Amino acid sequence: MKPVSWDEITEEILNENFKRRMIWGENIMAVRVELAASSSVETHQHVSEQLTMVLSGSVVVLFDDGAECALKAGDMLLIPASKPHAVTVGPEPGVLIDFFSPIREDFVQGRVSQVSEEGADPYRRLHGILRSKGIKTPIEQLRELPLELLARYVYEKECVTMGQLREILGMDKTQARNLLRQWKHGDDHSESSLKRKLERLIDLSNIAPYIPAKTDRD
């Protein structure tokens, strides 16, 4: 056992509004969440009991029965297991720590350790990102696809930023730009066939239809 600071834990940027750092053991997990001002987290539920502590900013937790709970810095809220809830953030960015028991297995998917991503399996990390979007395709099925195609699909669905994708694929900015140009101009019959296979494997009913990238994003 040794002390760990939040700064030592790799930050995940799930989208432009949501960042998190996580540490967990066998039965409990702590997640430090940064939410953009005026953003929201859609209604969701999980089997884990949740204790939310607001460090800065303010949020409103909304429940499916119409109840609302406003929280400011210093406030805490216990959310029962399997209770659907959503979150809206106030006019300032919000920083929260969420404690979960048991641990959120969907959060752990794709993470090698609490502190380091060294040696991470790209398929497992992309699988974890898809799971965080509610897409539960088994990783064994994703491994049937070329890594580059799966990465392209997740990127163009806006599940990850190019910065995240560079880290996952181990690329520098120049390599990433070249890859984007290749994606933009290359779409042969073989690739299209693989795309259709991926569409069949993944339930993307809650994500916009596949649209090839039009611009380079960093």
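**Exercise 1.** Find which residue just after α5 takes a positive phi, and then work out which residues of helix α5 are buried.

*Solution.* Begin at the end of the helix: just after α5, the residue Gly-170 has a positive phi of about 70 degrees. The helix itself covers residues 162–169, where helices (H or I, at least four residues) and strands (E, at least two) are DSSP runs numbered from the N terminus. Its buried residues (under 20% relative accessible area, with a 1.4 Å probe and protein chains only) are Met-162, Gln-164, Leu-165, Arg-166 and Ile-168.

This is a predicted model, in which local features need pLDDT of at least 70 and side-chain atom pairs count only at pLDDT 80 or more, while totals for chains, interfaces and linings use all residues. Residues are numbered from 1 along each chain as its sequence is written, and side-chain values use heavy atoms, with hydrogens and water left out.

**Exercise 2.** State the strand order of the open sheet of four strands, and explain why one side of β4 and of β7 is left without a neighbour in the sheet.

*Solution.* The order is β4-β9-β6-β7, with antiparallel pairing, and two strands pair if DSSP finds at least two bridges between them. Because β4 (40–44) and β7 (68–72) stand at the edges with a single partner strand each, one side of each has no neighbour in the sheet. Turning to β6 (residues 58–63) and β9 (residues 85–89), we find that five bridges join these antiparallel strands, and that Val-60 stands opposite Thr-88 in β9.

**Exercise 3.** Decide whether Arg-20 is buried or exposed.

*Solution.* Arg-20 belongs to strand β2 (residues 18–24), and it counts as buried because its relative accessibility is 3%.

Technical notes: Buried < 20%, exposed > 50% of the residue type's maximum accessible area, 1.4 Å probe, protein only.
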